[in-house]
Amino acid sequence: MIGRRGWIGLGTVAALIALWFLLTTITGLVSGARFPSPAEFWLSLTQIWGRGYAGGQLMTHALHSLKLVAMGFAVAIATGIPLGLWMGWNRKAEAAINPVFLVIRPIPPLAWIPLAILWLGLGDGAKILVIWFSAFVPSVINTFAGVRNIDRPMIEAARMLGTPRWRMVREVIAPAASPLIFTGLRLSLQASWTTLVAAELVGALVGVGFVLNMAQQDLYPGMILVGMVTVGLLGWATTALLAMVERRALAWNMAARD
Amino acid sequence: MGSILFQNVDKVFGPSSSGVKALDNINLEIAEKEFVAIVGPSGCGKTTCLRMVAGFEAPSAGVISVSGKRVTEPGPDRAVVFQQFALFPWKTVRENIELGLRNKNLPSGERNTLVEAALKLMNLETHANAFPHQLSGGMQQRVAIARAYVLDPEVLLMDEPFGALDAQTRVVMQEELVRLARVNPRTVLFITHAVEEAVYLADRVAIMTRRPGRIKEILDVRSIRQAENWDRFQKIEDVMDLESFVHLRTHIWKSLREEKGSQSI
């Protein structure tokens, strides 16, 4: 169902498309060499959808990028959440690991790309590595903060009930920290897309970022826009999927906020 | 079984040389199935006394033992009811109550029987599958009490358990607790700053001084309750009108007032 907010949003999008049409096609204020008209965009889209561009059809590029993001993101959260839980729960682990984080954190994730390509070349391995570098940090930091923010009486109640260590982590610590863990996951997902596209722009053989790179070299604005819109839609779809998982997992918490 | 003993207990927060002394030489013996309330001005360390019996904090000097065993860590033999309930919001009422039994590795049939009994005891049967946030404060505290009772603990530690409830719910819960104490007597250490509550519920009331907290006086309420036959009344307001009740209450009030009066503001 589309609510009132939804209609307002759709209205804005429609207005932007009308403005686009006005500027590029009707008045010609923006030349096609700088920004494609709707017609040029459509031509580029049908070209890459059917015959393909930069060595593959749109679906091939999109699915390849999606696969890499999914893998990098999965590796990042599979390592990040446990490490964050451990640091939050164990003061010694935090004391040992946090200084390393303080040094590594200021390095922009994109700065790892040259090293990753040097190590693993232009293939998938390097991409997954840089996604891991970028998505790992927000997962760890937010999970850690989530554990640190747990109300002390809740932990004490669990200890009073004689809860053994693993059950404590699974049934008390992790759920109590989960609202912030999900905040970390959203940031991680965003970081995954950002770094993947950047890595594909720098060096790749397939993928949406590679399409963007080729289109730039071919001076092909229509195809550049197709690449951008594709990345936007993929990012939006994966974020929406994550939000759905979050709503289900945090049903108890959402209801408490009403 | 079920006794609590404080022997020369001190508690200092912070480094022992420059720290703040919270408790000074606490000596208190609570017999099996006895209900003792501790009252005192805020910041006097009464909650700290309870937290040390629970094993959440260690005494700086002296020994605390339960049933003759020295307390070193938290455990299900000393069930705690917290002021802020401290339920697990992602678990249903039933799951909250059941966790302690799962930790004891009881088989599921036995767990179910015990959980059902606890639900019934606290009139929670119809809310077994609700989540805590769907319940009122009073109902949530019933869950917390059921979660404590189901452990069959040697002692029950209640830290201002009705402090977060509104006045009417509070009265209902006080009457409920008296009913529970009759059905299923327990050793109870009860912390409160509400004087009437202490007199109404406890066998003995310990009055503490301001910080560093010491035990100033211990009043025997039970002998007066029995002599004046308070139990013939069902409702708290009827008991609170009795001259013997008023007398005790006024005595404690004045004693606490002295502590507040000597506090520098």
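How many of the residues of helix α9 of chain A are buried? The legends below take up this and other views of a predicted model.

**View 1. Helix α9 of chain A is mostly covered.** The helix spans residues 208–217 of chain A, and 7 of its 10 residues are buried. The buried residues are Val208(A), Gly209(A), Phe210(A), Val211(A), Leu212(A), Asn213(A) and Ala215(A). They pack against α3, α8 and α10 of chain A. Helix α10(A) covers residues 221–249. After α9(A) comes Leu219(A). The phi of Leu219(A) is positive, near 50 degrees.

**View 2. Helices α3 and α8 of chain A pack with their axes 8 Å apart.** Helix α3(A) runs over residues 58–89, and helix α8(A) over residues 165–202. The angle between the two is about 140 degrees. Their crossing is right-handed. On α3(A), the contact includes Leu68(A), Val69(A), Gly72(A), Phe73(A), Ala76(A) and Trp89(A). On α8(A), it includes Ile173(A), Ala177(A), Ile181(A), Leu185(A), Trp193(A) and Glu200(A). By class, the contact has 17 nonpolar, 5 polar and 1 charged residues.

**View 3. Chain A meets chain B.** Chain A gives 16 residues to the contact, and chain B gives 19. On the chain A side, the elements that supply two or more residues are α7 (152–160), α8 and α11 (251–257). Helix α7(A) gives the most, with 6 residues. The chain A side has 11 nonpolar, 3 polar and 2 charged residues.

**View 4. Val53(B) sits in the largest nonpolar core.** This core has 139 residues. Val53(B) and Val205(B) have the most contacts inside it. Beyond its neighbours within four places in sequence, Val53(B) is in contact with Ile4(B), Ile64(B), Val66(B), Val71(B), Arg78(B), Leu157(B) and Leu189(B). In soluble globular proteins, nonpolar side chains tend to be buried together.

**View 5. Chain A as a whole has 11 helices and 0 strands.** The C-alpha atoms of chain A fill a box of roughly 75 × 50 × 30 Å along the principal axes. Of its 258 residues, 37% count as buried. Among contacts in chain A with a separation of 6 or more, 73% join residues 24 or more positions apart.

How values were computed: Residues numbered from 1 in each chain as written. Chains lettered and ligands numbered in written order. Predicted model: local features only at pLDDT ≥ 70, side-chain atom pairs only at ≥ 80, totals over all residues. Axes fitted to C-alpha atoms, helices over the stretch in contact; angles between N-to-C directions. Helix = DSSP H or I, 4+ residues; strand = E, 2+ residues; numbered from the N terminus. Left-handed = near helix turned anticlockwise from the far one by under 90°. Contact = placed C-beta atoms within 7 Å. Nonpolar A, V, L, I, M, F, W, Y, C, P; charged D, E, K, R; others polar. Core = buried A, V, L, I, M, F, W, Y, C linked by C-beta atoms within 7 Å. Buried ≥ 20, exposed ≤ 12 C-beta atoms within 10 Å, placed from the backbone.
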